[in-house]
Amino acid sequence: MTANPNSLGARDAATLLHPYTNALENEALGPLVITQGKGCYVYDDAGKKYLEGMAGLWCASLGFSNERLAQAAADQIRRLSFFHGFNRKSHEPQIELAERLLAIAPERMSRVFFANSGSEAADSAIKIIWYYNIARGKPEKKKIVGRVRGYHGVTVAAASVTGQPHNHAGFGLPLPGLFVHTDAAHHARGAEPGESEEDYATRLAQKLDALIRAEGPDTVAAFFAEPVMGAGGVLLPPRTYFQKIMPVLKQHDVLLVADEVITGFGRTGSMWGCETYAIQPDMVTCAKALSAAMAPISAVMMREEIYRTVARQTGQLGTFGHGFTYSGHPVSAAVAIETLKIYEEMDLVGRVREIAPHFQERLAGFRDHPLAGEVASIGLMGVFEMVRDHSTRESFAPAAKAGLTLVDKAQERGLILRALGDRIAFCPPLIIERAEIDAMFDTFALALEDARRVLI
Ligand code: PMP
């Protein structure tokens, strides 16, 4: 880097290994250093202001600073900065948070296990499932089915159930023998010509059934699915998909784990993606907006029967040999409690339902753009697929880096978005106002023109 060696950027480039970053590029160019946030906006170290169209990493539901949550964290650090849940210890924040979470949880969830991230929640869910199956005399029932393009995190089991090549390449993952993947549910690109959403969903359910049979139903423990695939490209499920998948799972005694890490807490216009799509999960993972992304915390929720079987086994073995130092950390739990109170006071789901039609209308306004492929949205999350040719839906060559070009142009204009390949994701804070939605899409339109000039 040629910049001032004492700059934050140069110090970063000299010291950090960044998550999800080309390290050599970061050494050469340095990072974008964000120093402040207010509402849906963040500011870099040169004072430039950006509208954050991705709520950070799909998580900053209440924006990028908050006095009430700062107070909740400070109060908790003053009262009791740390305690844990090991060996029958507890503290009020995790108890109150468990009650509040279960009170709004998807139907049938009766117990909660806390962790610190979406990945830890996925790994914990997998271990709970293995523990459960061993407890009920089915130690061979271990395989986890994920979906191509599904995303569940980066810890070893979570990365294995994830269906994205870049989470596997370079690591020798997935772990052999335990993880299999079925098709992504993506009608726009996955269906046969002329195949309806319903017929496509039927075919996917048949493929899942065939996969489970081929693996041996006695060896298959669970199926992981995001109600809406996020990091895989914002893929909305085709109509009737989950309704056709669920009986297949039930028939083979395979648990359904709904990964609500992105879709939980209002994102899709219901409290849970499971409600939006009438999914009846056996377990649910959530994180991110649970604490408005202001403190790290995640949760695994489960049906009573799973808990009861696990509990009995802990009696047999003497303990549940799983848990993090910071499971249910009191400061994170206090922030999450306050977050849930804010959601209740602002009528979070009502607010998303009120503002989402404007967001969706503005995004749909790009359907006929010459670079538009699939344009889709649900609640306050959406996607614009960039293609070379609107009429044929011909994609850009990967080497053209069309998606990255576009988000770079948007960033120059003060709008932060995320490119998932050539699919541009929109996932703004849930507090976004109508005028900010307009600003976001007005800037996006200009960035699209900038990108078109470079790419075509
Ligand atoms: N599940 C889903 C659906 C996610 O989107 C993510 C993160 N984007 C994770 C799990 C992993 O969460 P974390 O990064 O907190 O480990």
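## The loop holding proline 174

Proline 174 sits in the loop that runs between helix H8 (165-168) and strand S6 (179-182), where helices (H or I, at least four residues) and strands (E, at least two) are DSSP runs numbered from the N terminus. Leucine 173 and proline 174 are joined by a cis peptide bond, with omega at about 0 degrees.

The model is predicted, and local features need pLDDT of at least 70, side-chain atom pairs count only at pLDDT 80 or more, and totals for chains, interfaces and linings use all residues. Residues are numbered from 1 along each chain as its sequence is written, and side-chain values use heavy atoms, with hydrogens and water left out.

## Positive phi in two further loops

Most residues other than glycine have a negative phi, and most peptide bonds are trans. Tyrosine 20, in the loop between helix H1 (8-15) and helix H2 (23-29), has a positive phi near 45 degrees. Tyrosine 20 is exposed, with a relative accessible area of 52%; exposed means over 50% relative accessible area, buried under 20%, and partly exposed in between, for a 1.4 Å probe and protein chains only.

Asparagine 87 lies in the loop between helix H4 (67-79) and helix H5 (92-104), and its phi is also positive, near 50 degrees. With a relative accessible area of 64%, asparagine 87 counts as exposed.

Helix H14 has 17 residues and reaches 24 Å from its first C-alpha to its last, close to the 24 Å expected at 1.5 Å a residue, the expected span being 1.5 Å times one less than the number of residues. Because 13 of its 17 residues are buried, H14 is largely enclosed by the rest of the structure. Aspartate 347, which follows H14, has a positive phi near 50 degrees.

Glutamate 338 belongs to H14 (residues 330-346) and counts as buried at 16% relative accessibility. Leaving aside neighbours within four places in sequence, glutamate 338 is in contact (heavy atoms within 4.5 Å) with Arg68, Leu69 and Ala72. Its side chain makes a polar contact with the side chain of arginine 68 at 3.0 Å; such a contact is a pair of N or O atoms within 3.5 Å, and within protein one must be able to donate a hydrogen and the other to accept it, while residues adjacent in sequence count only if both atoms are side-chain atoms.
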